[in-house]
Amino acid sequence: MTNTEHRIAVIAGDGIGREVIPAGMAALEAATRGSGVLLSFTDLPWGCEHYLKHQRMMDADGFARLAQFDAIYLGAIGAPGVPDGVSAALLLTIRQRFDQYVNLRPMRLLAGIKSPLADRRTSDIDMVCVRENTEGEYSGVGGRIHVGTANEVAQQVGVFTRRGIDRILRYAFELSATRPRKMVASATKSNALTHSMVLWDEVADTVRKDYPGVEYRKYHVDALAARMVTHPQTLDVLVASNLFGDILTDIGSAISGSLGIAPGGNINPTRQHPSMFEPIHGSAPDIAGKGIANPIGAIWAGALMLDHLGRRDLHDRVLGAIERVVASGKTLTPDLGGSAKTKDVADAITGEI
Ligand code: NAD
Ligand code: IPM
Ligand code: MN
């Protein structure tokens, strides 16, 4: 059989990123064996160590190099000793530069995992967040003047464009139309953010008309955060601005059992640029180096990458293996109440694949 080759840039990054990415690569190798797909991985040693040596998070020609790949597989970025705003810029500029305007984040309670919410079954927590990923609160526009004086001023400007809002809402509605429950919950805050979020709601009111088969509701984001905890079974597709989506997806992952579970795809739907796949968690300096990080978010992110590369079947193969290992309850990392190591979980999932 001739293989279709996909070139994958791997940025394992910092902290537990370096522990969970090898687990993900092993699972992807197992999943693609004999499938007609060959993933060729190129390791890019970028991140905080690179910064401390070279005063830059990636090489000067980093974007030009990344542009040659079919996808990017990323672990986590951030380490004590480098300001978070410096390290995270690596991630945020890739998202903007490659116009990865959708940050797609499934959040599901898998069978075998106990939610921190009492009496929740797997069917109660099954959502996906469509997070705007290139503008909004994360536009990066702003600055500081009179630094260090009593008159210091900082401005962090939210930038919301009709085009940016329109395209993220359309993606959410399209996705919702493919899911059984056909519901979109839009996170707004138009009571206080009377410019940006009023525009958001107006665009939503227009876009929804093109999807009469999808139920649309808007919630102020504070109430939506509460609803995720009190009535998660009433939610399906969430659509949110950059910052709101960031916060809501940590809640979604936590109620699914752990921050170590949820995956994310930073997707450029036009495919003009590579998309990037990563677990939603960070570099977790508090547990880095102990070998106990949960690799499920990273492995699941790899599955999303296979789906994006056109192989839904291989995505399902990886996710099925995750589900079976979790359901058996025998091999769980400490964040899920077990005592297994990262490698034990990785081996179990790879074996299951
Ligand atoms: P974090 O996600 O790294 O950790 C929050 C908590 O969740 C910690 O207690 C951690 O131990 C736990 N946790 C996270 N992932 C886990 C896993 N896979 N298994 C078990 N436990 C896990 O968030 P933070 O502490 O706010 O940030 C730490 C650093 O990571 C910062 O530098 C931050 O900027 C960066 N960060 C990077 C990314 C990214 O690269 N995508 C995402 C979030 C935070
Ligand atoms: C995430 C992270 C990033 C974000 C940080 C590291 C800038 O929290 O991917 O969720 O806020 O988007
Ligand atoms: Mn986050």
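Biologist: How many bridges join strand 5 to strand 10?
Modeller: This is a predicted model. In it, strand 5 covers residues 126-132 and runs parallel to strand 10. One residue of the pairing is V130, which stands opposite V239 in strand 10. The number of bridges joining strand 5 and strand 10 is 4.

Biologist: Which residue in strand 10 is the bridge partner of A185?
Modeller: Strand 8, residues 183-188, also runs parallel to strand 10. Here 3 bridges join the two strands. The partner of A185 in strand 10 is L238.

Biologist: Are the residues of strand 10 buried or exposed?
Modeller: Strand 10 spans residues 237-240. V237 and V239 point one way, and L238 and A240 point the other way. Whichever way they point, all four are buried.

Biologist: Why does the largest nonpolar core lie between domain 1 and domain 2?
Modeller: This core has 87 residues, and I8, Y73, V130, L238, W300 and I322 touch the most other members. Its largest share, 9 residues, comes from helix 9 (residues 296-308). The core lies between the domains because residues come from both domain 1 (1-100 + 269-353) and domain 2 (115-256).

Biologist: How many residues are in the second, separate core?
Modeller: Among its members are I11, I72, L91 and F98. The second core stands apart as a separate one. Its count is 19 residues.

Biologist: What kind of aromatic pair do F173 and Y211 form?
Modeller: A search of the whole structure finds 3 aromatic pairs. For F173 and Y211, the rings are 5.2 Å apart, centre to centre, with 20° between the planes. Planes under 30 degrees apart count as stacked. So by that cut-off, the pair of F173 and Y211 is stacked.

Biologist: Where in the chain does Y211 lie?
Modeller: F173 is in helix 5 (residues 162-177), and Y211 is 38 residues apart from F173. Both F173 and Y211 are buried. The place of Y211 is the loop between helix 6 (196-207) and strand 9 (215-220).

Biologist: Which ring does the charged end of R131 sit over?
Modeller: Elsewhere, R97 lies over the face of F63, 4.4 Å from the ring centre. The charged end of R131 is 5.2 Å from the centre of its ring. That ring belongs to Y138.

Conventions
Residues numbered from 1 in each chain as written. Chains lettered and ligands numbered in written order. Predicted model: local features only at pLDDT ≥ 70, side-chain atom pairs only at ≥ 80, totals over all residues. Heavy atoms only, no water. Phe/Tyr/Trp six-rings, centres within 6.5 Å; stacked < 30°, edge-to-face > 60°. Buried < 20%, exposed > 50% of the residue type's maximum accessible area, 1.4 Å probe, protein only. Lys NZ or Arg CZ within 6 Å of the ring centre and 35° of its normal. Core = buried A, V, L, I, M, F, W, Y, C linked by side-chain atoms within 4.5 Å. Domains from an automatic or database assignment. Pairing = 2+ DSSP bridges.
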